[in-house]
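Trainee: I have the sequence and the structure open. I would like to go through the terms used for them and see what each one rests on.
Mentor: Then ask as you go.

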Amino acid sequence: MLFLATLICVWIILSVAANLVVGYTGLMSMGHAGYLGVGAYTAAVANIFLGVNYLLTIPLAAVVTAAVAVVTVIPLLRLGTFYFALATLGLNFVLFDIFLNVGPRVEGTEGLFGIVLPAGLETTGARFALTLLVTAACVGIAWRLVTAPLGRVLRSVRDREDALRALGKNPRGYQIAIWGVSGALTGVAGALYAVTLFYIDPTLFTLNTSILVLVYIGVGGLASIAGSILGPLLLIAFTESFRFLGVHSSLAGPIQQGIYGLLLIGLMIYRRQGLIGKYDFRE
Amino acid sequence: MTSASSGLRVERLAKSFGGVHVFEDLSIEVPPARVTACIGPNGAGKTTLINIICGVLRADRGQVLLDGRPLDGIQPHETVARGIGRTFQDVRILPLLTALENVLVAIPSQRGERLRDLFLPWRGVGAEEQRNRERALALLEAVGLAPVAARPAGELPFGQQKLLALVRLVATGARTLLLDEPATGIEAELHPRIVTLIRRLVRDEGKAVLVVEHNMDVVREVADHVAVLHGTVIASGPADTVLKDERVIREYLGRLYA
């Protein structure tokens, strides 16, 4: 149960990070799983091969992922919405390819394990406490950003770039900055993900994961920090609850998928802004 | 106050799209403390002129000078820093932001918009925002928009949106204002508010204003100087003189505005 709660925290950080760019700034990312991988691999490699204290790998993952995010997004910002989304998808493929072919692995497996934890973090409870703390900090940072004057500018970038430009503000600078912040938070999520699972491999960071994040923020609500918390919380709870219903596993899987899909379709038809979102792409 | 080099000057501008000449050899002056109106038929290039001044379009020939210095290669987001601001025919307010937020977002160089200042308590982000809010509200109040300050701008009637766009432009602090049809398409009851605001900006703050407008009643009330555009400037001078000019009225205004 604590393991599950820790995982939910990781997904909350990732959802908040994605919502900053997708919901608040209107930059449709379909590649955040790639950045999650950058964070996870950075933390794992630094700890396993370079002996860096795990706690220090969290900020390290943030910095490295932010840098990768900024460098990779700059060439894409000239693209229109759809093409931008498609390009971030391409980015996810490229990063996956790098993890698969260049990423270090433990002999005989596809992935990487062996993170050494500092004293005090050996128990699941302690790791949950750390993750919860970091999640609270990440949510706090995101909250500060979107409620500050900066949040207003981000929403202007999303709604009408040319109007913002006419008011003397360059949308590009803000897009790059928020993409960097989103990258940093995603990197933190990656570092926590690696230690929560204790094993990472490239298949964790595919398009599937990127889309899952979009589902979480879509359901919770775009342009809403609370929605980014509610989305993963509800959907993971929904998924996991099936394990306790006593339905035979051969039935539970398909039923769950079906209900999940129908709920998503219903939500998009009747409540496109998500459960507590403040934005939908029609406007 | 007005010297030969102060304010905005457009010199011998030419622009064509494909084979279509919009204008040729266009020169116009927009000095401080004066409302210069630019009138002319559709397609005369009035909006094109604003777009060239603001760096949205490039001229084929000629140049734009601000206080005697050319504005070559300027990008749209850099014009405000140089003191030039514009409005759009189709207003382009930010529909999901409130009216107040629309004005707030126009205030230049706010610390609360910079990542590096946001998390440093001693940078006074909150106090600055408080001051900006009061200022923005005062600006809205001056044009009677205070009661709708908290409403999403997209829900306001078109006329109020145009007024809001004007207030937003004032909030940028630009000294030279380019107004693209500020009164066209809005209820006549709002015309006096727009005229009063523009006149006050010119009288009290010495702004240089270029107005492109179809509504001749508004032009008569607001303009000090009128330039008639039709391929080039075909008549120019004090508003009373130009608007009474038989030739202008017969050939250009008559058939358009009679």
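Trainee: In which helix does Thr147(A) lie?
Mentor: Thr147(A) belongs to helix α5 of chain A, residues 124–147. Keep in mind that this is a predicted model.

Trainee: How far is Thr147(A) from Leu2(A) in sequence and in space?
Mentor: They are 145 residues apart in sequence, and their C-alpha atoms are 31 Å apart in space.

Trainee: How do you know that the length of α8(A) agrees with its number of residues?
Mentor: Helix α8 of chain A covers residues 171–197, which is 27 residues, and at 1.5 Å a residue it should span 39 Å. The end C-alpha atoms are 38 Å apart, so the two values agree.

Trainee: Why is α8(A) called mostly covered?
Mentor: Buried requires 20 or more other C-beta atoms within 10 Å. In α8(A), 22 of the 27 residues are buried. After the helix comes Phe198(A), with a positive phi near 65°.

Trainee: Which elements of chain A give two or more residues to the side that touches chain B?
Mentor: The contact takes 23 residues from chain A and 26 from chain B. On the chain A side, the elements giving two or more are α5, α6 (149–159), α7 (161–166) and α8. α6(A) gives the most, with seven residues. The chain A side divides into eleven nonpolar, three polar and nine charged residues.

Trainee: What is the order of the six strands in the open sheet of chain B?
Mentor: The order is β6-β7-β8-β3-β9-β10, with mixed pairing. β6 (84–86) and β10 (233–238) of chain B are the edge strands, since each pairs on one side only. Neighbouring strands are turned by 15° against each other on average, direction ignored.

Trainee: How do you know that β6(B) and β7(B) pair?
Mentor: Pairing needs at least two bridges. β6(B) and β7(B), residues 176–180, have three, in the parallel sense. Within β7(B), Leu178(B) is the bridge partner of Arg86(B).

Trainee: What joins β8(B) to β7(B) and to β3(B)?
Mentor: Five bridges join β7(B) to β8(B), in parallel, and Leu177(B) stands opposite Val209(B). Five bridges also join β3(B), residues 34–39, to β8(B), again in parallel, with Val35(B) partnered by Val209(B). β7(B), helix α6 of chain B (residues 191–205) and β8(B) make a right-handed β-α-β unit.

Trainee: Why is β8(B) called largely enclosed?
Mentor: Five of the five residues of β8(B), 208–212, are buried, so the strand is largely enclosed by the rest of the structure. Ala208(B), Leu210(B) and Val212(B) point one way, Val209(B) and Val211(B) the other way, and all are buried. In a regular strand, side chains alternate between the two faces of the sheet.

Trainee: In the sheet β2-β1-β4-β5 of chain B, what makes β2(B) and β5(B) stand at the edges?
Mentor: That is an open sheet of four strands with antiparallel pairing. β2 (20–30) and β5 (69–70) of chain B each have a single partner strand, so one side of each is left without a neighbour in the sheet.

Trainee: How many bridges join β4(B) to β5(B)?
Mentor: Two bridges, and the strands run antiparallel; the requirement is at least two. Leu65(B) stands opposite Pro70(B) in β5(B).

Definitions and conventions: Residues numbered from 1 in each chain as written. Chains lettered and ligands numbered in written order. Predicted model: local features only at pLDDT ≥ 70, side-chain atom pairs only at ≥ 80, totals over all residues. Expected span 1.5 Å × (residues − 1). Buried ≥ 20, exposed ≤ 12 C-beta atoms within 10 Å, placed from the backbone. Axes fitted to C-alpha atoms, helices over the stretch in contact; angles between N-to-C directions. Right-handed = clockwise from strand over helix to strand, strands pointing away. Contact = placed C-beta atoms within 7 Å. Nonpolar A, V, L, I, M, F, W, Y, C, P; charged D, E, K, R; others polar.
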